[in-house]
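Biologist: I have a model open and a few questions about it. Can you walk me through some residues?
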Amino acid sequence: PDPYDAAREKESQIRFLNDSKALSKPFVPPGRERVLEKPTRVLLGDMMSSLYKVVLEDWPEAQPTVLSTAEDLIVVYFSTTSGGGVGGGKGVLTYMNNALKRNAAIQQYNLNKVVEGWNVLTDDGHVMFT
C-alpha cells in the first residue's frame, strides 16, 4: 500500500464531511404571514373584552353581550326588548357593518364576520352578530 494514497484518501474524506455540513441557503419558513402575529385561542378572552369595551363605549344604551361559542367564534348580542334603541331595526345592523371597518378591536385582532350568523334574530329577543 502506498502511504501517499492513504493521505489523499483521508483528505478526500475530510473534505466530503465538511462540504456535506454546509447548507446551500438560509432557512426561510413558508408562507407570507407571520404565524405569531395572528390571534390564537389564548387571546380569545382579550379579544372579547376589547370588543365589549369598544361597543359599550360607542353605544351604552344597547347593552351588548359578547360571548364565545364552542367553535371559538365571538358573538355579539343586542337585546331588542331592553329599550336601548336597538329594537331589531337597521340601526344595529348599520352599526355592526361600520364596526367591521372601523372598530379598533376588530381591526387589531383581524376579526371577520360569519355570514350565516350575521344579523340573526334569536327566539329570546336578541339580534346576534358572529
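Modeller: Threonine 130 lies in the segment after β4 (126-129), with strands (E, at least two residues) and helices (H or I, at least four) taken as DSSP runs numbered from the N terminus. This is a predicted model: local features need pLDDT of at least 70, side-chain atom pairs count only at pLDDT 80 or more, and totals for chains, interfaces and linings use all residues. Residues are numbered from 1 along each chain as its sequence is written, and side-chain values use heavy atoms, with hydrogens and water left out.

Biologist: Is threonine 130 buried or exposed?

Modeller: Threonine 130 counts as buried because its relative accessibility is 11%; buried is under 20%, exposed over 50%, partly exposed in between (1.4 Å probe, protein chains only).

Biologist: What is threonine 130 in contact with?

Modeller: Leaving aside neighbours within four places in sequence, its contacts (heavy atoms within 4.5 Å) include Leu73, Ile74, Asn112 and Trp118.

Biologist: And where is asparagine 112?

Modeller: Asparagine 112 sits in the loop between α4 (104-108) and β3 (118-121). It counts as exposed, because its relative accessibility is 63%. Its C-alpha atom is 10.0 Å from that of leucine 73, 39 residues apart along the chain.

Biologist: Switching to the core. Which residues touch the most other members of the largest nonpolar core?

Modeller: Leu51, Ile74, Phe78, Met96 and Phe129, out of 21 residues. Such a core is a set of buried Ala, Val, Leu, Ile, Met, Phe, Trp, Tyr and Cys residues joined through side-chain atoms within 4.5 Å.

Biologist: Which element gives the most to this core?

Modeller: α2 (44-58), with 5 residues.
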